[in-house]
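Morning, everyone. Let me put the model up, and then I'll walk through it chain by chain.

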Amino acid sequence: MTVVVADPHEARIGSREAFNQARGLARRSIRGTLRQPQVWLPGLLFPMFIAAVNTSTMGKAIHFAPGFEGVPSLLAFLLPASITQSVLFGGLTAGSDTALDIQTGFFDRLLASPVSRTSILVGRLAGASATGAIQAVVFIVVYGIFGVRVAAGVPGMLLLVVFAMVLAIVIGGFAAMLALRTGSAEAVQNVFPLTFISLFISSAFFPTEAMTGAYQWIAERNPITWMIDGMRHQVIDGLDWSEGLTSIAIAVVLAVLAVYGANRALRTRLRRAS
Amino acid sequence: MTHPIEAEGLVRRFGDIVAVAGVDLVVEQGEIFGFLGPNGAGKSTLVRMLATLLRPTAGRARVAGYDVETEAGAVRRSIGVALQDAAIDPLMTGRELVRLQAVLHGIGRGEADRRGDVLLARVGLTGAADRRVGTYSGGMRRRLDLALALVHEPTVLFLDEPTTGLDPTSRLALWDEVRRLNTEGTTVFLTTQYLEEADELAGRIAIIDGGTIVREGAPDVLKNDVGAHTLVVTVAPESEAHVRAVLLAFGEERAAKPGSVAIGLTGGPAALSGALRALDDAGVVVEHVELDAPSLDDVFADATGRRLEGAAAGEGAVEEPA
């Protein structure tokens, strides 16, 4: 069986070969991330630091503030937010690494080989997704040490991990799109504050019931709120497939958009060489 | 029989700038073909078109028997490419990169490991194979780049300025490897801005300037065509015109570096003593004299009116957009 690719510049590449190429590139992506502690460590430590500060300063808010009904601890409330925050860090790395490949010429090395152009993107995003899974597991384990129990048990933890994997594709896809359009790692890094603004204007750190005015209005319509709330159900209330799958479905829709955009950007970059 | 590389009227424009202005080229099976020119002459642009990284604006090219536009995938399977910047992921080890390159070419893990071991040994990197590339020297990176370009046993190898920035020892080692590859039957297309490199390695060369091939042939033939030895006299700036007037009696003026006057001695080396006597009779104080056998630099100067040796990026140098 062969995969026929739209770009006439591309050869017919068997699906098995394309899979092996994507796997090889994903492995490279994961290795590259793991070998740069300065890249992944802040993505783990920063959310933990924020959670620690919030727990210390506002830990008692769960007893009286609206929206915290049934929440056993602020740390449990923050677990999905910390995972999301960490994946935002990691996903952007996928974009900046893609831009660095373009800047250093490694991208040209790939293009000069008979690699499926789609595998270049799939490999990068699969690497980001695997890194997202690792991040979710780290947070579940570390917060578990501090007493957080995922009420939904193992299925709930699996949902959290899957959510992190899909979210990594969303962020990685948008970041890769930007990288392919600009060829600049700096441009990708400059998006970082925007992703954090969108995280802070959501239910990540406070329930929307505790918000007021325009802030609340935006937060209630922020897809990050929908996704985090669905995951929070698994941590606080117990297994709820409807909530969990809704969160993941939203992430999947965003992932499809991100991958589509990244693929368009890749084709545009290839065409620009023509 | 098709040639490993054939180009016909190949043109590449970037907006209003013409980087390659109609190149016709035939590279024979099993030869080392040197592509010589200053920075910005169009060498890398031509290589990128032949390696399917850049589409020609006009013209046609076939590499390894395949059209670079309509059969790009087949071209990529047949060629090895080591681009100018040796873009190698510094976070990976040499062995991991060889494996990855093999996977990209559809080679299985076992075979990739076997070829990797052979190639890493061949380029002298066995001991460093499991070290991250970020710790490699420039010469080691170039050698690894070469190994990566060879992992799928290509029939045509493109080397884009493979020794730029290397120390003399690394340069000689790379030359030896290129020669060895060639004796094994690989056709090598080598771009360089080093005259000595083209002279040492290439069976035939083309000189490109301003996107156009201005000379093509075997180095010895091209040098013989230039003819006479060159007398280069260095004098004080105020004496240059005087010296020129004296020496024009012994041959035609040639392009020279600032502060020097160069003359193609019509009478060959035998005319040297007469020329020096004439300068002495004219009362010229000479700072330095040299008599050069025809070189590729003379060929370049003869074709373009400029010297290649020591030249910075030429006027109108073209850089591709990022």
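Start with burial. A residue is buried if 20 or more other C-beta atoms lie within 10 Å of its own, exposed if 12 or fewer, and partly exposed in between, with C-beta atoms placed from the backbone. Helices (H or I, at least four residues) and strands (E, at least two) are DSSP runs, numbered from the N terminus.

Some housekeeping. This is a predicted model: local features need pLDDT of at least 70, side-chain atom pairs count only at pLDDT 80 or more, and totals for chains, interfaces and linings use all residues. Residues are numbered from 1 along each chain as its sequence is written, while chains are lettered from A and ligands numbered from 1 in the order in which they are written.

With burial defined, go to helix H8 of chain B, residues 219-226. Its buried residues are Pro219(B), Leu222(B) and Val226(B). They cover an arc of only 70 degrees around the axis, which puts them on the same side of H8(B). The arc is that of the directions from the helix axis to the C-beta atoms. An α-helix has 3.6 residues a turn, so residues three or four places apart point the same way. Turned away from that buried side are the exposed residues Asp220(B), Val221(B) and Asn224(B).

What covers the buried side of H8(B)? Helix H7 (195-201), strand S9 (204-209), strand S10 (212-217) and helix H11 (296-304) of chain B are included. Just after H8(B), Gly227(B) has a positive phi of about 90 degrees.

Stay on phi. Most residues other than glycine have a negative phi. Which residues of chain B go the other way? One is Glu153(B), with phi near 55 degrees. Glu153(B) sits in the loop between helix H5 (138-150) and strand S7 (156-160) of chain B. It is partly exposed, with 13 other C-beta atoms within 10 Å. Another is Glu161(B), with a positive phi of about 45 degrees. Its loop runs between S7 and helix H6 (168-183) of chain B. Is Glu161(B) buried or exposed? Buried, with 22 C-beta neighbours inside 10 Å.

Now chain B as a whole. It has eleven helices and 14 strands. The C-alpha trace spans about 75 × 45 × 35 Å along its principal axes. Of its 322 residues, 47% count as buried. An automatic or database domain assignment sets the domain bounds. That gives domain 1 (5-217) and domain 2 (228-293) in chain B. Their centres, taken over C-alpha atoms, are 41 Å apart.

Over to chain A. Here we have eleven helices and two strands. The order from the N terminus is β-β-α-α-α-α-α-α-α-α-α-α-α. The C-alpha trace spans about 65 × 35 × 30 Å along its principal axes. Buried residues make up 50% of chain A.

Next, contacts. Two residues are in contact if their C-beta atoms, placed from the backbone, lie within 7 Å. In chain A, take the contacts with a separation of 6 or more: 80% of them join residues 24 or more positions apart. In chain B that figure is 69%.

Look at helix H2 of chain A, residues 37-58. Its buried residues are Trp40(A), Gly43(A), Leu44(A), Pro47(A) and Ala51(A). Seen down the axis of H2(A), they fall within an arc of 80 degrees, so they line one face of the helix. They pack against H1, helix H3 (74-104) and helix H5 (117-145) of chain A. The opposite face carries exposed residues, including Leu41(A), Phe49(A) and Val53(A).

One more residue: Ile171(A), in helix H6 (153-182) of chain A. Ile171(A) is buried, with 27 other C-beta atoms within 10 Å. Beyond its neighbours within four places in sequence, Ile171(A) contacts Val87(A), Leu88(A), Gly91(A), Leu92(A) and Thr195(A).

Last, where the chains meet. How many residues does each chain give to the contact? Chain A gives 26 and chain B gives 24. On the side of chain A, helix H1 (15-34) and helix H4 (106-111) each give two or more residues. The largest share, seven residues, comes from H1(A).
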